[in-house]
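User: I'm new to this one. Can you walk me through it?

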Amino acid sequence: MAYHKGFKLSKTGLSIPHFHINRFVKKLQSDNGNEISSNDMNTTNIHSWHHGLLFPVVLGLLFACGTNAAVFANIPVTSLAFWAQALLFSLLFMLTFRCCDKLVIYAISHSSFSVHTTGSANISRQYHFEYCANVKSLLRNSLRFFVCWVPYLILLRPGIVYWDTGDQLAQYFGHSAFGQEPGVIWDHHPFLDTYLYGAFLSIGKSIFNSYNAGIFLFSLVQECCLAIACAYALRILVLRNLAIKVYNILACFLAFFPIVPITGMIMSKDVTYLIVFIVWTAMYVEIASTKLEKLTHPVFTTLFVIITLILPLTKKTGLAIVVFSLLFLVFIKHSKVLLRVTSVFIAVLAVLSTSTVVPNFIYSHTRVIKDDGPSAIVMPILMLARASHYHHSDISEEERAAIDGYLINDWDSIGKSYAPFTSDSVSGFAYQPMHQTSSFTDFAKAWIRVGLRHPGTYITSFFCEESGWITFVGSTRWTGSTSYSDTRPQQLELLTSSHTNEDTFGKVMPSNQPSPSSSFVSSIMNTARTTPVVNVLFSTAFWTAIIPCYLCYILWIRRKSSQDIGFSGIIPYLCSTMLLFACPISLSTTGSSDPTRYALASVLFAPLMIGYVYSTQSDNTKSSASTGTHAFLASSL
């Protein structure tokens, strides 16, 4: 095949000047019998100003609401300044989305076009991440991740135990926590996690006569599992023929961004769930990319079902993500009916396992007690608390009776205890035997009637509670600020040492005090968070709102192109992000608990989803892998 004038052949591959891309792609696809039609080229003029306009506009409006709620605990929709702020945010995101898309396309156009074979020709040098999909390459990439994270394993030893995890461990060893009797385990925090963490501490105590040894052993195993999960997710990007340069950038981000290895050192249900979720999502992407044909492989399907059943047991929200994502597969075009039925069957199996099998066969034979209190409806309770606080007398006797008879705290108490940015003061966060005099149906009716009278109060309460995900700054106080001078940046802030309750976990072992090495890691993190440009990567909203919206924007503007991959592959990621807006805390204020752990999935999944969106699936097409990448460029330029 003859190359066009202006092409340069280098050691790293074919370098193509930007103004030759379209001509180059047409020539390549003509040589391969896959000429791009003029209609294809016309329908992929994605840089028209109006394409995807809705996404940055809606995001700008959300940021205006979130910023005002996070700072002033109010949304001044009647103020002209509020709408000016929304307009400025929208323009900023519109410009950012356009520029970022062009930069990524430029990186792809200047990347080598390699076929993802299993031969040694595509294996980078010894210290580079391998662009290969076989098992050996996966293990070698896992080792590369682990080696990059070893310094954190040493500096943060034995590991980081969170407050709630300490209470779980106290329950495992028979002590009272969460207001329960000694000897029982409350399933508000998944019992599987409690037994897992307790087993590691027991092993450490049995072999090394030290609970700290058990914590370190868990940290070591968890870092290894996280490395394997990340390498497996990168393997999916290789199968989808992601450009090598973009692949390497994403791999290096996972290897060197400090939030990732610190995450592996944390003993928490959020991290345990995250590792399983990464593997499950990678398998889900394979299924969606092959139009469900991957479900015809018995070994793969068996492993997928097992992981599907485990995921909801590591964190309760996992069930909602699993069910919605699997049901979404039914709408993938040109997939076989039998395979669609299989995806529905797996979803039903997950629901039955979590709602029937586990309660009937595990709870009854262990010391686990079910969490069936009102802690599951924190957000509605918080909305009701704000209504009680600002409209205390506007309630009927029937509504009051329904509310008082269902909640742990009555109408008067939740109004007096209401704080805009936390739910613990009103939700009754502890297990208490429910002596309810009204049903959930009666409570729901009363809740709806109060909301219909005060819809603005409910909306403001929601934005106050979840504003941390859609703002760059927030108040330093629980009650809100009076000016922007009394604010702090909303950034990713993971603990670098254990923080446990002396009254619960303190009965098992003394709390580990911050060591000089953990303080060193903390100082490095603080330096990075305060460094211009770099601090963008530590902004919470960058991961929880901007990146997800950007990915939807990219998929939307390419929906009519020859390389439209649809939204199916990012559904689990989007579901996980949406569920952040049901969290009991999102805003980091002075002296508050750290909400970053809830956003860890958004941080680790972002580079993987970016790779998915900018990759091309060529395994099941007639064109070669290299042609897939060229076609992607044609649809993007």
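Analyst: Buried means under 20% relative accessible area, exposed over 50%, and partly exposed in between (1.4 Å probe, protein chains only). This is a predicted model: local features need pLDDT of at least 70, side-chain atom pairs count only at pLDDT 80 or more, and totals for chains, interfaces and linings use all residues. Residues are numbered from 1 along each chain as its sequence is written, and side-chain values use heavy atoms, with hydrogens and water left out.

User: Which residues of α15 are buried?

Analyst: Val378, Met379, Ile381, Leu382, Met383, Leu384, Ala385, Arg386, Ala387 and Ser388.

User: What do they pack against?

Analyst: The buried residues of α15 pack against α16 (397-404), α17 (411-417), α18 (424-427), α19 (440-453) and α20 (455-466). Contact means heavy atoms within 4.5 Å. Helices (H or I, at least four residues) and strands (E, at least two) are DSSP runs, numbered from the N terminus.

User: New topic. How many aromatic pairs does the structure hold?

Analyst: There are 40. Rings of Phe, Tyr and Trp (its six-membered ring) pair if their centres lie within 6.5 Å; planes under 30 degrees apart count as stacked, over 60 as edge-to-face and the rest as tilted. One of the pairs is phenylalanine 129 with phenylalanine 145, tilted, at 4.8 Å centre to centre and 45° between the planes.

User: Where do those two lie?

Analyst: Phenylalanine 129 is in the loop between α4 (80-109) and α5 (135-155), and phenylalanine 145 is in helix α5, so the pair ties together parts 16 residues apart in sequence. Both phenylalanine 129 and phenylalanine 145 are buried.

User: What about phenylalanine 173 and tyrosine 211?

Analyst: They form an edge-to-face pair, 5.3 Å centre to centre with 65° between the planes. Phenylalanine 173 lies in the loop between α6 (163-172) and β4 (185-186) and tyrosine 211 in helix α8 (residues 211-239), so this pair ties together parts 38 residues apart in sequence.

User: Is tyrosine 211 buried or exposed?

Analyst: At 17% relative accessibility, tyrosine 211 counts as buried. Phenylalanine 173, at 25%, counts as partly exposed.

User: Which residue lies over the face of tyrosine 211?

Analyst: Lysine 205, at 5.1 Å from the ring centre. A charge sits over a ring if NZ of Lys or CZ of Arg is within 6 Å of the ring centre and within 35 degrees of the ring normal.

User: And overall, how many helices and strands?

Analyst: The protein has 25 helices and eight strands. Of its 637 residues, 55% count as buried.
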